[in-house]
Each structure stands twice: as C-alpha cells, then as structure tokens.
Amino acid sequence: MTDLSPLPSILLVGCGKMGGAMLEGWLKAGLAPSVVIDRHMADLPAPHRVVRSIQDVPADFTPDVIIVAVKPQKANPVLAELAQRYGQATLLSVMAGRTIASLHEVYLQANPKACPVIIRSMPNTPCALGAGMSGLYAPPNATAPQKAHCDALLKAVGETVWVEEEGLIDSVAAISGSGPAYVFLMAELLEKAGVEQGLPADVARKLARGTLYGAGCMLHTLPTDADELRRNVTSPGGTTAEALKIMMAPQAWPATTSAAIAAAVHRAKELAS
C-alpha cells in the first residue's frame, strides 16, 4: 500500500460491502475530511462524518471526488439528487454495468446545466486490507488532476490498472472484481476434499488457506509466468500431475473458467441495459 496521506476528500454514497471495504482502507491510509452517506452506518472518527441523506451533507462541504457505490439498479435517484447540488462534480463510479453515458444522461435530466466528469472503476473487497486490485477507465474529458485523485484513492488500498476502452471495465469486473469469490470457492473445495480424504476439518482448513496464501504471494512477488510456476510444482508422473490431468481436461477447468468469465461479462452488459 502506498502512503498517500492525506488522500483527497470524498463524498462516499453507499457503504455496503464494496464501499465499506474501500472506506476501511482509506481510513487506515489517511483521508482528508470526508462525508459518508449511509442509512445504517455508525459514526466515523472525526473529522469524518456519516449522514443519512444528500440533504444532510454540510452546506460548506465540497468533496474532491464523489464515489457512487450503490447498487446499479438503485443509482438513478441518487444521481438525480447529486446533480442538483454537485453539477460540476468528479464522480467515481464503482457500479458494475452502468456506462458513463447512462449515468451522464440521468445527471443531465435532473440538471441540464450539469457538467460532471464520470470515471468508472472496478475495485474488489481486498481493498479493506490494502490488497485490492482495481481497474479504471476515464473518458477523454477527464483532466489529469481528476484522474490522479481517483488513482490515488484506489492505489491507497491496493494496485490499479487503467484500460483504454470503457467496455473493458466489464472484463475487469469479471476477472478481479468478482475474482476473490473464485478464490474463496477454491478454498472451500480444497477444504471439503481434504475432509473427504480423512483430514480433520481444522487441518484441512489451515492447509487450504495457507496454500492459497503462499501461492498468491509467489504470483504477486515473482516475475515468473503462472504456467511456469505450475510446471515447477508438477513432477512427471507424480501426484500433482495426476490431479492436473483431471483439472486440465478440456471440459474441466479450461472450459468452465472461460465460460464462467464470459457469463460474468454478459451479466455486466445486461446490467448496463
């Protein structure tokens, strides 16, 4: 995690699993005085504040970035309220599927004089631990300082990549946004298989989690390609090779992984409509 204290001031709209994960990381990294809009969240340490609605945001508060982290299907009323008050805002959307054009249209319907700059991002829940992986896209009208603010926020809770086409954010969502769930599923399945092979449940749990953590550290730290790391573990005719015969059969992991990612991308595009 990069030390970027203080980070830009934010107005965070929505503090569910993703918004909450980012906020947790930002508070640890050092955040300029900010406001969170959430109906259920308890108070934040000063100088930050929690309010229940946009109308409750202090009149003299002007955030550097507004982060919209509500459910995509519930964004329109929120955007309409924001447009009335923050017509020239920098918006950072963390909503899957919602295109810049669709968000901009809602903004202008509520305030025809509005001129927001909307940057899209797709972070993931490891942001809470400073280990997030976020993809971002900025439209041509985004300025360098606006991009820098958004990049600083997400770099404070992990790593960032920028894509050149907005449509690629859907692919980012399928790989890294949803990716932690795939890893957690792998942990579940390894645990279950270990128990099936006679290991005590607590031992299987520790082995599965420790193995995924160690392998993840190698992937993160070493420049070696993943396929080479896999081959380094796989002795010809050994136990690993026997397991991989099943996992790497054409209709096993190679096919199902591609199909799963394609399904996630398709769903993101459905949300856009």
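Select residues 10-97: the chain here is 27% helix and 20% strand, with its end C-alpha atoms 23 Å apart. Helices (H or I, at least four residues) and strands (E, at least two) are DSSP runs, numbered from the N terminus. An unreviewed UniProt entry places the feature "domain: Pyrroline-5-carboxylate reductase catalytic N-terminal" on this stretch; such annotations may be inferred rather than shown by experiment.

This is a predicted model: local features need pLDDT of at least 70, side-chain atom pairs count only at pLDDT 80 or more, and totals for chains, interfaces and linings use all residues. Residues are numbered from 1 along each chain, and side-chain values use heavy atoms, without hydrogens and water.

Next, pick valine 70, in the loop between β4 (65-68) and α2 (75-85). Valine 70 counts as buried because its relative accessibility is 18% (buried is under 20% relative accessible area, exposed over 50%, partly exposed in between; 1.4 Å probe, protein chains only). Show its contacts (heavy atoms within 4.5 Å): beyond four places in sequence, valine 70 touches Val13, Gly14, Ala75, Val78 and Met95.

Select α10, which gives the most, with 4 residues.

Finish on α4, residues 144-155: 12 residues reach 16 Å from first C-alpha to last. Its buried residues are Gln146, Cys150, Asp151, Ala152, Leu153 and Leu154.

How values were computed: The expected span of a helix is 1.5 Å times one less than its number of residues.
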